[in-house]
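Biologist: Hi! Could you walk me through this one? I'm still new to reading structures.

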2 protein chains.
Amino acid sequence: MKGKPSQRDIARAAGISQATVSIVLNGRADEYGIATATREKVREAMRQLGYVPDVAGRSLRGGRNGLIGVHTYERVFPVRADDYYHEFLAGIEEKAVEMGQDLVLFASTQREDGTRSIYGSGTNRLRLADGAIILGLERRDEELSRLAAEGFPFVFIGRRDVPGAQVPYVAADYATAIAGVVDELSSYGHARVGYLGGVLRRGPQEERREAFGQFAGRARLRGPEALLAPEAVTGGWLRELLDAGTTALVVESFELAGAVAVAAAEEGVRIPGDLSVACLDLPPVTGPTAGWSHVAVPRREMGARAVELLLGLLDGRIPADRHEVVTCAPLTPGTVGPPS
Amino acid sequence: MKGKPSQRDIARAAGISQATVSIVLNGRADEYGIATATREKVREAMRQLGYVPDVAGRSLRGGRNGLIGVHTYERVFPVRADDYYHEFLAGIEEKAVEMGQDLVLFASTQREDGTRSIYGSGTNRLRLADGAIILGLERRDEELSRLAAEGFPFVFIGRRDVPGAQVPYVAADYATAIAGVVDELSSYGHARVGYLGGVLRRGPQEERREAFGQFAGRARLRGPEALLAPEAVTGGWLRELLDAGTTALVVESFELAGAVAVAAAEEGVRIPGDLSVACLDLPPVTGPTAGWSHVAVPRREMGARAVELLLGLLDGRIPADRHEVVTCAPLTPGTVGPPS
DNA sequence: ATGAAAGCGCTAACAA
DNA sequence: TTGTTAGCGCTTTCAT
């Protein structure tokens, strides 16, 4: 018994047929009415030989292998301390533990230029797992629709409405969260509320900006919209903003919020005394923007929901076109107050 | 053709045998002298049907499945920002990418109480990968020796000399690094160098303390040794230390270094003016101890080496009792200088 | 209550 | 130059 012991080895050791071994191992012993003595013999031999089901054999046969794939379009463990994936993965891991599933991180799909692609490396390694959770900011609609067309079970984290394909996804309810922010600012009496967004227009950002425009319009709030890189957020820019009568600012990312903090310090602008600031992103625990008001995207919970959704798909309990929207926590207190 | 097309489907479409398809796909067409026309027919049918090789079938046949297991005794993605595993995993991922291997994170091995155990859940799920890398501060020698006895290929990260078993591991060369620290302090002219360690005595810490004792003795440095919890490091303690003539301090962990920073601020002790401090651990990028002199444990490189070592074991290129010691980077400049 | 056998997709040894 | 066949580990159907 040098390599991995197979069911055949167990069968031989227990003096029994391989089929019976399979039945006992899969907990269908009752269903098939296997004698208790036989079950014991099987379990004993199994323990003795250190048997573990072979993933390949099982998934080849069409069964499940307890592997949940996790595909990211970038490195999971980044070089710099960029924790974009971290919270999602924490949620995924947590739920995987609960459900007794293991996680497969697809590192083999990375190409020369550092990007990752599902089909780029020729073979779709994702199929090794029962299903997969896909995360990433990149738009790769063709890959997703191809995956869907092949009938491979997967869940995307982040909103993805791929035309002509049913892509199950878990998304944060930005719209409601942003409506809440607008409401709160409005009820404080702010009339001119600015929006500061990044120049890099990726899916989620676009969604936030649009939601803000919509709800601000509905609440009759008028304010400037600026799409800037962090280094373009200067003291002068901030002064101009205030001079124009803006009393509150909604900031898309905490990168930008950091720039605002610096600019405010330069100009002696007090926050929230002179300017209320609400951030639409999670703050770093430390730094100048620590404690600022923000809308918490529930990344952890989204990760966990993705696992649940995927397992639902696998069990056929959930239809393949289902998506879930996870509610964001309300705006935290800190840097939002009445205008001066 | 709803499901994924197999080689059989291609063979039928191209009117040839399945074996020929396999040969063409694996690039052995030259070797077997397949006619150019046949190759074209295969490629054409492949493109047309959108063929993707099935990993399960392939690994079933070949024995290897391109999966490297990663077992940790704690969560990989921690709730608080404790990045103990992060750097190791960054190295592992990097090398896995290079080697075209995927990673399996074993979440299913976690039990009710939150601890993880290889055999705790009844069967050894690790076997589902080709081999595994095991990390964690806990001592679970029985598990490791059982794993070794079963002939399962694995590599431990961290020094582990398990009695009666050959455990391949990748460790940091603390001894040499600490000798370097002692040398440097000695050459600056320090005569009394203290050692501050934690009360929690785990493997690596013990090793550091012993190495320091050994090299300090050899260099005829005399200094107090204290094993304290961070909250026991007070201003009074620090003052006493200085009054006794100590001019330099080697600190085991950055938790303790943080406590020293606070105590020094309290007492108006300048670092390194009044006291040189060398830390034997990686610093957090931010905080009062940022920029302090430290010995960098090459976690990233250790992770990468572990992957190489494991793949070497799998290929039989490396014997199963091999271990590797990775050199630490030398003490960084910052808080070490001549005594006042 | 248990065994025998087929077949999932793939590769390699052997046949033609 | 190409085809035939066996078998990797597993589950399931059918037969005993």
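Biologist: What is the strand order in the open sheet of chain A?
Modeller: In this predicted model, the five strands of that open sheet run β7-β6-β8-β9-β10, with parallel pairing. Strands here are DSSP E runs of at least two residues, helices are H or I runs of at least four, and both are numbered from the N terminus. Two strands pair if DSSP finds at least two bridges between them.

Biologist: Which are the edge strands?
Modeller: β7 (225-227) and β10 (293-294) of chain A, each of which pairs on one side only. β10(A) pairs in the parallel sense with β9 (residues 276-279) of chain A, over two bridges. There, A:C279 stands opposite A:H294 of β10(A).

Biologist: How should I read those labels?
Modeller: Residues are numbered from 1 along each chain as its sequence is written, while chains are lettered from A and ligands numbered from 1 in the order in which they are written. Local features need pLDDT of at least 70, side-chain atom pairs count only at pLDDT 80 or more, totals for chains, interfaces and linings use all residues, and side-chain values use heavy atoms, with hydrogens and water left out.

Biologist: New topic: which residues come nearest to DNA strand D?
Modeller: A:Q18, A:Y51, B:A35, B:T38 and B:R61, out of 27 residues around DNA strand D. A residue is near the strand if one of its heavy atoms lies within 4 Å of it.

Biologist: Which helix gives the largest share of that surface near DNA strand D?
Modeller: α5(A) does, with four residues.

Biologist: And what polar contacts does DNA strand D have?
Modeller: A polar contact is a pair of N or O atoms within 3.5 Å; within protein, one must be able to donate a hydrogen and the other to accept it, and residues adjacent in sequence count only if both atoms are side-chain atoms. One example is a base nitrogen of DNA strand D, 2.5 Å from an N or O atom in the side chain of B:R61. Another base nitrogen contact, at 3.3 Å, involves a polar backbone atom of A:G57. For B:G33, a polar backbone atom is 2.9 Å from a sugar or linking oxygen of DNA strand D.

Biologist: How can chain B be laid on chain A?
Modeller: By a turn of 180° and a shift of 0.4 Å along the axis, giving an RMSD of 1.8 Å. The two copies are thus related as by a two-fold rotation axis. The superposition is by least squares on C-alpha atoms of residues with pLDDT of at least 70 in both copies.
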